[in-house]
Amino acid sequence: MSRIEPVNFGPELVALMKQALERAARDVGPSPATKAKMAERIVRTVAGGATGYGTLVAVAIDEGRTPAA
């Protein structure tokens, strides 16, 4: 797993990220490990500059389609 550079995520953004993860998890029904993988994808996406709710849900669902090993 590669390192994610530190980024300042404010409380509103963290709340949005959590909402996106929970929404995506309802669609995927992931195991805890897969949900963690989905959360990491959200963090990487936000660190890359994308912060739209729909985008975050979409990338999390995409990540959750391949279960964690």
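Author: Glu22 counts as partly exposed, at 32% relative accessibility. The term has cut-offs: buried means under 20% relative accessible area, exposed means over 50%, and partly exposed lies in between, with a 1.4 Å probe and protein chains only. The model is predicted, so local features need pLDDT of at least 70 and side-chain atom pairs count only at pLDDT 80 or more, while totals for chains, interfaces and linings use all residues. Residues are numbered from 1 along each chain as its sequence is written, and side-chain values use heavy atoms, with hydrogens and water left out.

The partner of Glu22 is Lys35: the two form a salt bridge whose closest N and O atoms are 3.0 Å apart. Such a bridge is a side-chain nitrogen of Lys or Arg within 4 Å of a carboxyl oxygen of Asp or Glu. Because Glu22 lies in helix α1 and Lys35 in helix α2, the pair ties together parts that are 13 residues apart in sequence. Helices (H or I, at least four residues) and strands (E, at least two) are DSSP runs, numbered from the N terminus. Lys35 is itself partly exposed, with a relative accessible area of 26%.

The structure holds six salt bridges. One of them joins Arg23 and Asp27, at 2.7 Å from N to O. Both of these residues lie in helix α1, four residues apart, or about one turn of the helix. Arg23 is partly exposed at 29%, and so is Asp27 at 48%.

A bridge between Glu63 and Lys37 has its closest N and O atoms 3.4 Å apart. Glu63 belongs to helix α3 and Lys37 to helix α2, so this pair ties together parts that are 26 residues apart in sequence. Shared partners join Lys37, Arg41, Asp62 and Glu63 into one network of salt bridges.

Leaving aside neighbours within four places in sequence, Ala20 is in contact (heavy atoms within 4.5 Å) with Ile42, Tyr53, Leu56 and Val57. In soluble globular proteins, nonpolar side chains tend to be buried together.
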